[in-house]
Structure formats: C-alpha cells, structure tokens
Amino acid sequence: MYKSWWKILGAVLVIYSTIAGFLIKTPDLPIIRESIRNLYFHVPMWFSMIVLFSTSVFYSIKYLSSSNPHDDIKAVESVNAGVVFGILGLTTGMIWARFAWGQAWSFDVKQNFAAIAILLYFAYLVLRNAIDEEQKRAKISAIYNIFAFPIMVVLLFVLPRLSDSLHPGDGGNPGFNAYDLDSRMRMVFYPACLGWILIGYWIYTILYRLRVLEKAQR
C-alpha cells in the first residue's frame with residue numbers, strides 16, 4: 001500500500017478536481033464565461049504530456065549510455081502515454097475554442113504548432129515500427145527522440161509567441177493572471193495538474209509492465 005500512495009493521491013486529486021471543476025463558482029469573464037472550467041482539464045493534459053515526453057527523453061539518453069533494453073521500453077511507452085495526453089489536450093482545446101473563438105479549429109498558430117508537435121511523436125512511433133532489428137531500432141529512435149524534444153518545446157512555447165494568436169499568453173494576447181485565477185480556481189487548478197500528471201505516469205508504468213511481460217513470453 002505504501003508504494004501506491006502516489007497512485008491513490010493521483011486518483012483522489014483527479015476525482016476532486018473533476019467534481020469541483022463543475023461545481024465551484026468561477027469568475028464571470030467576458031467571452032469565455034463558463035467555458036473557463038475547461039482550464040481544469042485542458043492545461044493539465046499538456047502538463048502531463050510534457051512530463052511524459054521529458055521522461056521519455058531521459059530514458060532515451062540513458063539507453064544510449066547503457067544499451068539497456070528496458071530503458072528503450074520505458075522511452076517508447078512514456079511516448080505512447082504522452083501522445084494520448086497530447087490528443088486529449090488538442091481535443092479539449094478544440095472544445096474550448098468552439099465556445100470562445102466560434103469554431104473548433106481556426107488554424108491559430110498555437111493550434112497548428114501543437115498539432116505539429118504531436119505529429120512529431122507520431123513520426124517517432126512510425127520510425128520504430130519501420131525498423132526490424134531491435135538494437136538498431138532502439139538506438140535510432142533514441143537519437144530521434146533526443147532531437148524531437150527541444151523541437152516540441154520550441155513549437156509549443158516559443159514560436160506561438162512570435163506570431164499573432166487568439167490563444168491566451170501568445171502573440172501579445174494576455175494569459176490568465178492573478179485576477180482571472182482567483183483563490184477558488186487555484187484550489188481546483190493546481191490539484192488537477194498534479195493529479196493528471198500522476199495518473200499519466202501511472203498509465204506509463206502500466207504500459208511498461210505490459211510490454212515487459214509481452215517480451216518475456218516470446
């Protein structure tokens with residue numbers, strides 16, 4: 001039980017933030033109105049994705065120095081979990097954009113670069129499936145992963161700030177500040193971020209164990 005405390009904490013925080021996210025009163029802001037509740041779901045998805053991709057690049061670097069196949073498995077399974085959260089981030093963003101901007105996909109620079117960042121990791125998975133020899137596949141995909149991570153960071157956090165964007169915090173458009181995120185929202189937002197990150201990491205560990213069992217049965 002003591003080894004699973006973080007899993008229990010993650011589940012409790014996600015349940016709490018989901019219920020509180022729909023029930024706790026939010027600031028009555030122009031345009032976004034009640035859709036601001038999506039902040040409790042949309043942003044934590046991206047944070048979880050970034051943590052998982054960070055985990056993946058860590059194990060890719062570790063594999064290149066150790067050649068331990070378990071490090072390669074950890075790298076790919078954390079990408080698999082991260083891609084899921086990236087898709088959820090795009091989906092919740094499209095839902096929010098539908099209410100705030102009038103259409104789900106407006107080809108805003110933030111949306112475009114976020115989609116490209118996800119495709120970058122889809123390409124990583126395609127690359128792995130295109131190489132049959134195990135050690136060669138692990139080494140090439142590890143090198144790709146190491147280069148893909150900083151490109152993803154630039155796509156999500158640098159380039160959108162250089163262009164006009166409807167997305168808060170980019171292109172001169174102000175992000176959510178202390179006025180927008182009052183104390184009630186912080187009581188939900190921060191636990192939601194931590195909870196989804198823990199759940200994402202939990203999913204990654206499950207995928208890793210399943211892959212190890214699959215290889216052991218061959």
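Helix α3 (residues 69-100) comprises 32 residues and extends 46 Å from its first C-alpha to its last, close to the 46 Å expected at 1.5 Å a residue; the expected span is 1.5 Å times one less than the number of residues. Helices are DSSP runs of H or I with at least four residues, numbered from the N terminus. This is a predicted model, in which local features need pLDDT of at least 70 and side-chain atom pairs count only at pLDDT 80 or more, while totals for chains, interfaces and linings use all residues. Residues are numbered from 1 along each chain as its sequence is written, and side-chain values use heavy atoms, with hydrogens and water left out.

At the start of α3, a side-chain oxygen of Asn68 comes to within 2.9 Å of the backbone nitrogen of His70. After α3 comes Gly102, with a positive phi near 95 degrees.

The whole structure contains 3 salt bridges, each defined as a side-chain nitrogen of Lys or Arg within 4 Å of a carboxyl oxygen of Asp or Glu. Arg128 and Asp72 form a salt bridge at 2.8 Å, N to O. This pair links distant parts of the chain, with Arg128 in helix α4 (residues 109-130) and Asp72 in helix α3, 56 residues apart. Both Arg128 and Asp72 are buried, where buried means under 20% relative accessible area, exposed over 50%, and partly exposed in between (1.4 Å probe, protein chains only).

Glu77 bridges to Arg211, with the closest N and O atoms 2.8 Å apart. Here Glu77 of helix α3 is joined to Arg211 of helix α6 (residues 183-216), 134 residues apart. Glu77 is buried at 3% relative accessible area, whereas Arg211 is partly exposed at 27%.

Definitions and conventions:
Helix = DSSP H or I, 4+ residues; strand = E, 2+ residues; numbered from the N terminus. Polar contact = N/O pair within 3.5 Å; in protein donor to acceptor, adjacent residues only side chain to side chain.
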